[in-house]
Amino acid sequence: LEIVNNSLETRISEATVELTRKNQQLHSEIEERLLAQEKVSIFTKLINQSSDALYVVDPETSHLLDFNDKAIIDLGYRREELHNMGVVDIETKFSDISSWKQHVNELKVKQSLLVQGRHKTKDGREFPVEVNVRYVSHDKKDYMIAIARDITERKKMEESLLQAEKLKSLGTMTCGITHEFNNILAIIKGFTLLLKEKHRNNKEINNKLQIILESVTDGINIVNRMQEFTEKEHDEIRFEPLDIGELIELVIKFTMPRWKTAALARGIKYHLDKKGIAKVPRVMSNSTKLREVILNIVNNSFDAMPKGGCISFHTWENNGNVFLSISDTGHGMSGETQKRMFDPFFTTKMPKGTGLGMSLCYGIIKSHGGNIEVKSDVGKGTIITIRLPVSNDTGYLDTKSEQKQELDIRGINILVVDDERSVCHFLSEFLTQEGQNVRYVHSGSAA
């Protein structure tokens, strides 16, 4: 019995030691697991707070295995909905699984790719993304890890910079050619006027000369509009606090003959909706330039609604800016047209349009420190939104022009200096007929 007791005590002691060891081991494993879970929890929180959408994807099926909260926010789906979807459901460039396979094969070779695409939300909206994707293996299984960044604002900035470069290039070109064009047009116009005066009793010749003059005038107007690209807006244009609501009312009055009188004569009807015009702070603006912008947009809206329709105006304030949106129910624009609508000389109104209207509008709004954006769908109309900074000036600048003094200039001596002999010839003949004593030379040294 004593031997048995000793044996039992030994076994119990050994079992106790082993149990204690296992208990300590289990406790250690639990601590390690809790620590790992805490790390996973922290990592998950950080991933979900990321400003970029993160995805874990099955390369074979494009199935979304996992994703963070930003992906849900960007795409507008519920988590359980996204779990049943694949990349081919959200990325517009993958028309089917075969196009997805091509992408996977390229990724297998390169292991990582930086690509751009367009993701489609639950409500059908599309937005540009830049995706950094890697091909990884874990536990003998392949995965794709993708980080998708919404680059909508970057694209807008790039388009804005590109537009600015286009206008800058046009300005450089214009500086080089407008002087030469003006000389050519001045010569044509000058001698045409002289011929009209000489043949004023010949109706047939006068009518033909009048056609030449009208064509020259059109050319001069185009050159003058081109020259506006070279203006240093802030240095040369006077700004004053302006009530944008009053300016809209003025434009509506300007266009009344078109949307009321002419429309009724043609049996069509336009409706101008002003209910969205709210009271907003004044903006620092040049009224003539800004009126030209609004007038151009409104006339484009009329052109887009040849059978009638509605133009709506909305104004609001946000973060120190005043916004004006002008929307119509016209035929709308394709994506390609929207990309090019602010390009100089791009027009959809051939042969009438010069293609300078909206590009000038863009330049004017930029010179005001604002921005202009367009949103349109074919068959669903167009919305153009203008942003302008709020004016901090409560007063007005005195913009009254000084009264000009009229002078009697007949019989004076005039020296004409121009390197274009034809210009000198025309001016000399014209001014002589006006009763002046004229001489002309072709250089500064001769003068």
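β9 (residues 309-318) and β10 (residues 321-328) run antiparallel, joined by eight bridges. This is a predicted model; local features need pLDDT of at least 70, side-chain atom pairs count only at pLDDT 80 or more, and totals for chains, interfaces and linings use all residues. Residues are numbered from 1 along each chain as its sequence is written, and side-chain values use heavy atoms, with hydrogens and water left out. Helices (H or I, at least four residues) and strands (E, at least two) are DSSP runs, numbered from the N terminus. Strands pair if DSSP finds at least two bridges between them.

Tryptophan 316 has phenylalanine 323 of β10 as its bridge partner. Two residues lie between the strands in the hairpin of β9 and β10, where asparagine 319 takes a positive phi near 50°. β9 also pairs with β7, in the parallel sense, over six bridges. There, histidine 271 has cysteine 310 of β9 as its bridge partner.

The open sheet has five strands in the order β7-β9-β10-β12-β11, with mixed pairing. β7 (270-277) and β11 stand at the edges with a single partner strand each, so one side of each has no neighbour in the sheet. On average, neighbouring strands are turned by 15° against each other, direction ignored.

Seven bridges pair β11 with β12 in the antiparallel sense. Aspartate 377 has glycine 381 of β12 as its bridge partner. α13 packs on the sheet and touches β11 and β12. The direction of α13 makes about 140° with that of β11. Contact means heavy atoms within 4.5 Å. Axes are lines fitted to C-alpha atoms, for helices over the stretch in contact, and angles run from 0 to 180 degrees between N-to-C directions.

## The largest pocket

The largest pocket holds about 1,800 Å³ of space. It is lined by 43 residues, and those closest to its centre are Thr152, Lys156, Glu159, Gln338 and Val374. Elements that give two or more residues to this lining include α6 (152-198), α12 (335-340), α13 (357-367), β11 (371-377) and β12 (381-389). α6 supplies the largest share, 13 residues.

The pocket lining divides into 15 nonpolar, twelve polar and 16 charged residues. Here Ala, Val, Leu, Ile, Met, Phe, Trp, Tyr, Cys and Pro count as nonpolar, Asp, Glu, Lys and Arg as charged, and the others, Gly among them, as polar.

On a 1 Å grid over the protein atoms alone, a pocket is an open set of points with protein on both sides within 12 Å along at least five of seven lines; a cavity is a set where a 1.4 Å probe fits but cannot get out; lining residues have an atom within 4 Å of a point. Grid points are joined across faces, edges and corners, and a volume is the space filled by probe spheres set on the points.

## The cavity

The count comes to one cavity of 30 Å³ or more. About 200 Å³ of space lies in the largest cavity. Of its 19 lining residues, Val87, Phe94, Trp100, Val131 and Ala146 lie nearest the centre. β3 gives the most to this lining, four residues. The lining divides into 13 nonpolar, four polar and two charged residues.

## Helix packing and the whole chain

Helix α9 (residues 244-254) packs on helix α10 (residues 256-265) at an angle of about 35°, with axes 5 Å apart. Ile252, Lys253 and Phe254 of α9 meet Met256, Pro257 and Trp259 of α10. Five of these contact residues are nonpolar, none polar and one charged.

The chain has 14 helices and 14 strands. Of its 447 residues, 36% count as buried, meaning under 20% relative accessible area (1.4 Å probe, protein chains only).

How values were computed
Buried means under 20% relative accessible area, exposed over 50%, partly exposed in between (1.4 Å probe, protein chains only).
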